[in-house]
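Today I opened a new page in my notebook and picked a few things to look up. Follow along with me if you like.

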Amino acid sequence: MPRTTAFFDKPIVKIVRPKTSSGLPDKPILRADRIFKSYSKANLAIPVLKGVDLEVPQGKLTSIVGQSGSGKSTLLHLLATLDAPDSGEIHFLDNRIDNLGRRERDRFRNESIGIIFQFYHLLPELTTLENVLVPKMIAENFFRYAFNKKAYVERAKHLLDLVGLSHRFTHKPRELSGGEMQRVAIARSLIASPKLLLADEPTGNLDRENGEEIMTLLKNLNDDESLTIVMVTHDPEIANESDHTIHLESGRVALKAA
Amino acid sequence: MYKVLLAWRYLKTRYIALASIISVTLGVATLIVVNAVMSGFTHEMKDRLHGVLSDVEIKSPTVRGIVNADGYIAKIKDLCGDQLEAATAIVRCPALLNFQFRGQMINQQVMLVGIDDQTYSSVSDFKKYLLNADNREHPSFQLHENGYDQRLDIAGWPHRRQQVEAELKLQEEFNKLQFGIEEPQVRQSKIPSVQEQVGDEVFAPIPGQLPDLQTEDRSLVIIESGETNNKPSAVDPYSSVRAPTGQGFDPATEHHVGIILGMAIGHQKARDAITDEVSDIFLCRPGDDVQITLPAADGPGGSIRPASAVCTVVDFYESKMHQYDASFAFLPLSDLQRIRGMIDPDGRAAVTGIQLKFRDGSNLDQLRSELATAFPPMIHGFQIQTWEDVQRPMLAAVELEITLLNILLFLIIAVAGFGILAIFFMIVVEKTKDIGILKSLGAPNEGVLSIFLSYGFSLGVVGSGVGTALGLLFVININKVARAIEWMTGREVFDPTVYYFTEIPTIINPFTVLIVAVGATLIAVMASVLPSFRASRLHPVEALRYE
């Protein structure tokens with residue numbers, strides 16, 4: 001696995017960096033207070049999250065584990081601002097993000113975090129390289145993008161190189177294996193140099209070998225770039241590899257393991 | 001950027017959507033073809049409708065007409081100022097036209113128009129439509145030696161000489177059989193002319209008929225008032241008519257009053273039953289004599305009396321408007337005035353109408369109203385009409401036809417729009433997950449909206465672009481296409497015996513093409529608005545979960 005050099009030295013979101021260095025517990029990068037969320041089905045509210053409190057320490061690999069239906073994916077969506085909680089607050093560093101406007105949430109997802117999914121979610125019409133570039137295309141208008149395109153393509157190629165796909169730039173997603181697709185998704189989530197990577201069952205759809213490769217990749221990113229990763233999984237073995245595990249049980253945090 | 005990229009990729013990979021815009025393409029192509037052909041036809045038709053009609057005509061419905069035409073023209077000049085380009089006085093009169101074709105009489109009703117060959121061409125396109133090349137330059141009522149249309153294998157003086165010769169030969173044969181006379185007769189006109197006479201009902205003997213002794217005698221008696229009996233006309237009963245005093249009329253070197261006939265009066269197109277080729281048949285040619293019979297205005301006590309005259313066809317008039325070509329026959333104004341008895345004892349000649357030509361772009365309707373105010377119908381009894389008034393029913397019908405065709409064809413494109421709408425909804429459903437992905441990556445609602453809008457727009461552009469290209473290609477090659485269809489089906493698509501055109505006329509109006517193309521694109525965009533809006537409102541989590 002090629003090691004990354006200085007890819008994350010350019011913060012996109014200007015947020016005051018915590019002064020403390022590694023080793024000591026930092027100020028949490030993500031904090032959720034008393035999160036409630038319910039879905040209504042046939043006029044009946046089904047509570048999913050019933051007051052979740054959690055803190056995600058900076059630079060750590062945090063797992064959220066729980067049974068199916070325990071609300072872990074919903075929680076991740078809330079953390080990613082893809083959905084809004086019914087009540088409670090979510091803070092990203094010093095900023096409250098659960099009550100942001102639609103445009104600010106779009107910007108937040110685009111610039112400050114990276115997301116990867118169980119089913120990779122690549123755009124089938126675009127090539128590997130274009131898929132990686134999509135967040136940049138979304139971030140900038142046509143002319144600015146065209147102006148900066150060369151630098152972005154360069155960076156996207158480096159990222160694909162980093163995930164071990166330097167030979168797959170022009171392939172369409174359907175020509176890739178599951179593991180390769182997930183790596184493209186990881187490269188895409190890193191293009192905006194985020195502080196935080198949210199992963200929703202990143203290995204859930206992969207065989208053991210591929211799953212382990214993805215995990216190694218994530219851990220390397222965590223170690224080398226001190227990228228904070230929040231990972232939802234139902235696999236305790238994978239959860240064991242993380243620095244910090246949060247157990248969800250029927251909508252509540254059951255046990256915190258350091 | 002991603003919007004353009006994705007719209008482009010969707011366009012390239014979604015062939016079903018391309019299928020949905022084929023109807024747009026066809027609609028646009030049809031609209032362009034129909035508009036080009038219709039405006040070609042309309043232009044051609046308007047040109048021809050305008051043809052012999054001047055911009056504005058002041059008509060007197062009375063038989064005696066307008067006496068002081070020059071005075072009126074001067075007054076109109078004062079009134080209209082420099083908008084008036086030309087004015088001419090004419091006489092219009094319904095008449096019967098008789099002529100002989102292969103031993104049979106042909107009888108047709110015509111509208112005689114007495115024109116001043118100097119000024120008439122300045123108010124209408126008259127001279128442009130004459131068959132003789134010299135007449136097209138300087139219209140005259142003289143028979144020409146040559147210069148006639150190539151469809152006429154023989155015409156003008158050569159034809160006349162040939163006819164006279166044949167007539168003479170026939171006469172000799174006849175005389176030989178009848179009287180045993182060997183010496184050639186004095187040459188005579190094929191059709192004897194008869195001068196109109198006051199108070200006397202005179203008809204020429206049926207033209208072309210061999211002289212019958214009884215009719216000869218009869219015409220002898222009535223031919224010239226007063227001195228009829230002094231004429232030794234047993235041999236040449238018609239020599240007195242229109243001939244210089246004391247001399248015989250030599251039809252091989254002289255001709256009667258010139259008349260220009262509408263093409264359809266003396267010409268037919270016929271299809272050969274075997275070869276199926278269209279050929280021209282001339283019932284009469286320049287050089288032939290014809291007889292006209294018309295109501296003269298100077299009957300006793302202001303009544304109408306029939307008058308006749310023999311004229312020589314000097315040219316044909318072919319405006320390619322059957323309505324005109326089958327009815328108009330032109331005579332010199334002064335001759336028609338004389339035949340019709342419109343010259344009073346003081347020598348003042350009356351006319352029945354004044355034709356006016358105005359500068360291009362003049363508002364004819366307004367000028368007509370001004371003229372109507374200046375010459376109130378209650379006092380003068382004039383009928384003042386623009387050429388469009390005269391042809392109003394026809395023009396209105398054609399305009400209505402064009403409008404209806406455009407509406408119908410645009411409805412076809414609108415129907416295509418609903419096809420696009422349906423297919424777009426399907427594409428949005430199919431792309432739900434992609435929409436979720438884009439939103440999870442931070443794409444705003446407007447971005448998703450504009451992906452699908454620009455997709456719809458590019459579909460519209462492709463559809464109407466291809467349609468425009470197809471339509472223009474079709475219009476440019478329409479005659480080749482018509483010939484190809486003829487060749488394939490063996491049936492004539494565009495029958496020249498019906499339409500007078502040998503080619504289908506087309507006019508490509510860039511503005512119409514633009515409107516059609518833009519309109520079709522707009523319909524495609526409008527059809528994609530609703531699905532795009534729906535796509536932009538999808539909830540990212542639900543969209544991502546969609547399988």
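At what angle do helix α5 (residues 178-190) of chain A and helix α6 (residues 208-225) of chain A pack? I found about 20°, with the axes 9 Å apart. Axes are lines fitted to C-alpha atoms, for helices over the stretch in contact, and angles run from 0 to 180 degrees between N-to-C directions.

Before going on, I noted that this is a predicted model, in which local features need pLDDT of at least 70, side-chain atom pairs count only at pLDDT 80 or more, and totals for chains, interfaces and linings use all residues. Residues are numbered from 1 along each chain as its sequence is written, while chains are lettered from A and ligands numbered from 1 in the order in which they are written.

**Entry 1**

The angle makes α5(A) roughly parallel to α6(A). The cut-offs I used: under 35 degrees is roughly parallel, over 145 roughly antiparallel, 65 to 115 roughly perpendicular, and the rest oblique. From α5(A), I listed G178(A), G179(A), Q182(A), R183(A) and I186(A); from α6(A), N210(A), E213(A), I214(A) and L217(A) make the contact. Contact here means C-beta atoms, placed from the backbone, within 7 Å. By class I get three nonpolar, four polar and two charged residues. Ala, Val, Leu, Ile, Met, Phe, Trp, Tyr, Cys and Pro count as nonpolar, Asp, Glu, Lys and Arg as charged, and the others, Gly among them, as polar.

Next I looked at helix α3 (residues 128-139) and helix α4 (residues 142-162) of chain A, whose axes come within 9 Å and cross at roughly 125°. That makes α3(A) oblique to α4(A). This crossing is right-handed. Residues of α3(A) in the contact include L129(A), V132(A) and L133(A), and among those they meet in α4(A) are Y152(A), A156(A) and L160(A). The classes are ten nonpolar, one polar and one charged.

**Entry 2: where the chains touch**

I asked how many residues each chain gives to the contact. Chain A gives 20 and chain B gives 19. On the side of chain A, α2 (102-111), α3 and α4 each give two or more residues. That side divides into ten nonpolar, three polar and seven charged residues.

**Entry 3: a strand in chain B**

Strands are DSSP runs of E, at least two residues long, and helices are runs of H or I, at least four, numbered from the N terminus. Strand β8 (residues 305-317) of chain B has eleven of its 13 residues buried. Buried means 20 or more other C-beta atoms within 10 Å of the residue's own, exposed means 12 or fewer, and partly exposed lies in between; C-beta atoms are placed from the backbone. Strand β4 (residues 257-262) of chain B runs parallel to β8(B), joined by six bridges, and G262(B) is partnered with Y317(B). Strand β7 (residues 289-296) of chain B pairs with β8(B) in the antiparallel sense over eight bridges, with D289(B) opposite T312(B). Two strands pair if DSSP finds at least two bridges between them.

**Entry 4: two positive phi values**

Most residues other than glycine have a negative phi. I found T81(A) with phi near 60°, in the loop between α1 (72-79) and β4 (87-92) of chain A. T81(A) counts as buried because 24 C-beta neighbours lie inside 10 Å. Y120(A) has phi near 65° and lies in the loop between β6 (113-116) and α3 of chain A.

Technical notes: A crossing is left-handed if the near helix is turned anticlockwise from the far one by less than a right angle, and right-handed if clockwise. Two residues are in contact if their C-beta atoms, placed from the backbone, lie within 7 Å.
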